[in-house]
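Me: I am new to this structure and would like a close look at a single part of it. Please take me through one chain and its surroundings, step by step.

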Amino acid sequence: MKTDSKLARGALEPSSGARGLLWPGIIMVGIITQLPFLYTIYLSLHDWNLMRPDLGVTFAGLSNFGQILSEPAFWEVLKNTFFLTVFCLLLCLAAGMGLALLLNRDFFGKGIIRTLFVSPFFIMPAVSGIVWKTVILNPNFGFSAYITGKLGLPAIDWLGKYPLETIIIVVAWQWIPFFMLVLLAGLQSVSPDLMEASMLDGANRFQQFFNVTIPHLLRYIEVALLLGLIFIMQTFGEIYVTTSGGPGYSSTNLPFYLYRLGFQSWDVGGASALGVLIVIIMTIFMTILFKIMRKTFGGELS
Amino acid sequence: MKRTLPLLITIATYALAFLYFSPVLWLLVTGFKTEGEAIIVPPSILFEPTLENLRLVWDAGASAFIGHSAIVSMTSTVLALILGVPAAYALAMLKVKKADDVLFWFISTKMLPAVGVIIPIYLVLKELGLLDSLIALVLLYTAMNVPLVVWMMRSFFKDIPYETIEAGRVDGATGLQGFFKITLPLVRPGIISTALLCFVFAWNEFFFGVSLTSTNAATMPVFMSSYMTQQGLFWAKMSSVATLAVLPALVLGWFTQRQLVRGLTMGAVKG
């Protein structure tokens, strides 16, 4: 007999102790990750530069926001963040799906192969940036220089010429495994009965993939995209060690821009205003993505 | 034809996997080469391994930063479990008012980017004299991982068959005793994977580390980034440091693979 777990379990244990179990965690997370944001909002309305203690802290109204929005660099950075996030997500989705399909078969050594594919996800962003920068992309000694040399082509200074595109590749290398794993979990949960039924109905492999598998995968795609969005928008380490956001602002994204404002210019007010803007922008991004997914696939996503 | 196609796909998969993993492999191998050999392209496969680089970087201070990383990651993981597991238990097994709201609040904290809170955190830590301290990182990483623990463990608690708990209850194991004797052992594999994942995330964290620490509490990723700007041309030495930096997270990651999907999607999807 299958019981509704919530009701049955609620009746099982006295619930008076539940609060005592919940609150320590809530308080800890709230104080450290949520409360400071209120202070960020407060600081964003003030002028305060740590390098100029003589000027003190003065109320500035919305001028910090005005200043950021009138800065051409901000719009370039916003555009970079958008490109980085969208192209990374698309790349991750396409490649992740491909790899998931390859791994959703029976073959010898499947576990090891999966482990190899998953590994880049565990490499700390700082190190993956460094490895790509030196080993693969270094225009003098790197592997890409070796290949272009063999082909008789001039070596390409990837990070100098295509900084943002290169960072997209490095970040994708790290996040494709995540998409692969989530989609693989999705593929493996397709009910075999359903597949058999569609086969009996005369569907070929492609029809089966698009009419049975994909609709089933939508939930998984949605989860992967939303979480990927949250993390990829916050890309920082890869940029820090490869290009430091340069040349100019050409590979700076929003988090790195905030780091430059806060920890290189020590502009507390400006960096805080930017922090508030980033939270607003991320919320908008996420709401849009969520809305698009729901609208396009409304029927399949329950 | 019908037999060769699958074989070809399998071989292609092997090749692709090797290619995808090769930057990591290069890293792990180059650390054991001499500097001269390290910059040969294509990389030499047969070489006499040397521990010289490892010794050099260890003496250059890598040991201290590994220590920082280990202390911060382990302590924050234990604290996150202590705070998160009871909350997850309450949300999964007890009648809690607005349980769904609490749960979504936990996941929503993950959506507030670190850059939205870094400035106040920096100022407060400065005021408290806690900049560049291990305590600061422990607190931050704990708070960062509690939502993960709550979501992951809740899904593990939910997986326990109702009958099992009921049976324990009939045997007289109730309340705390029931929790420690029956419930907790059942979710032990879940706790282990959750802990491993928390450890990996704390170990690899870079943004808070680089913004809030310098010499006294710098973790491995922070040390790595400064090491590269100074010694980036010495590939063999750099690879040794990098190997020390990535190996713990990589190996633990391999072990927790099976539960990875559940962890990464905060329990939304089971792998």
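Reply:

Read from the N terminus, the elements of chain B follow the order α-α-α-α-α-α-α-α-α-α-α-α. In other words, chain B has twelve helices and zero strands. Here helices (H or I, at least four residues) and strands (E, at least two) are DSSP runs, numbered from the N terminus.

Before going further, here is how to read the names and values. Residues are numbered from 1 along each chain as its sequence is written, while chains are lettered from A and ligands numbered from 1 in the order in which they are written. This is a predicted model, in which local features need pLDDT of at least 70, side-chain atom pairs count only at pLDDT 80 or more, and totals for chains, interfaces and linings use all residues.

That brings us to confidence. The pLDDT is the predictor's confidence in each residue, from 0 to 100. Chain B has a mean pLDDT of 86, with 96% of its residues at 70 or more. The model as a whole scores ipTM 0.88 and pTM 0.88.

Now for the overall build of the chain. The C-alpha trace of chain B spans about 70 × 70 × 35 Å along its principal axes. Of the 271 residues in chain B, 49% are buried. A residue is buried if 20 or more other C-beta atoms lie within 10 Å of its own, exposed if 12 or fewer, and partly exposed in between, with C-beta atoms placed from the backbone. Two residues are in contact if their C-beta atoms, again placed from the backbone, lie within 7 Å. Among the contacts in chain B with a separation of 6 or more, 76% join residues 24 or more positions apart.

The largest nonpolar core has 168 residues. Such a core is a set of buried Ala, Val, Leu, Ile, Met, Phe, Trp, Tyr and Cys residues joined through C-beta atoms within 7 Å. Helix H6 (residues 134-159) of chain B gives the most to this core, with 17 residues. The residues with the most contacts inside the core include Ala88(B), Val149(B) and Met224(B), as well as Val127(A), Val182(A), Leu183(A) and Ala224(A). Leaving aside neighbours within four places in sequence, Ala224(A) touches Phe178(A), Phe179(A), Val182(A) and Leu183(A).

Met144(B) counts as buried because it has 22 C-beta neighbours inside 10 Å. The C-alpha atoms of Met144(B) and Thr109(B) are 8.6 Å apart, although the two are 35 residues apart along the chain. In the loop between H5 and H6 of chain B sits Asp132(B), which has a positive phi of about 55° although it is not a glycine. Asp132(B) is partly exposed because 16 other C-beta atoms lie within 10 Å.

Where does chain B meet chain A? The contact takes 77 residues from chain B and 73 residues from chain A. On the side of chain B that touches chain A, helix H12 (residues 235-264) of chain B gives the most, with twelve residues. By class, this side of chain B has 58 nonpolar, 14 polar and five charged residues. Ala, Val, Leu, Ile, Met, Phe, Trp, Tyr, Cys and Pro count as nonpolar, Asp, Glu, Lys and Arg as charged, and the others, Gly among them, as polar.

One pair of helices across the two chains deserves a look of its own. The axes of helix H2 (residues 18-44) of chain A and helix H5 (residues 118-128) of chain B come within 8 Å and cross at roughly 95°. Axes are lines fitted to C-alpha atoms, for helices over the stretch in contact, and angles run from 0 to 180 degrees between N-to-C directions. H2(A) and H5(B) are therefore roughly perpendicular; angles under 35 degrees count as roughly parallel, over 145 as roughly antiparallel, 65 to 115 as roughly perpendicular and the rest as oblique. From H2(A), the contact uses Pro36(A), Tyr39(A), Thr40(A) and Leu43(A), and from H5(B) it uses Ile119(B), Pro120(B) and Ile121(B). Six of these residues are nonpolar, one is polar and none is charged.
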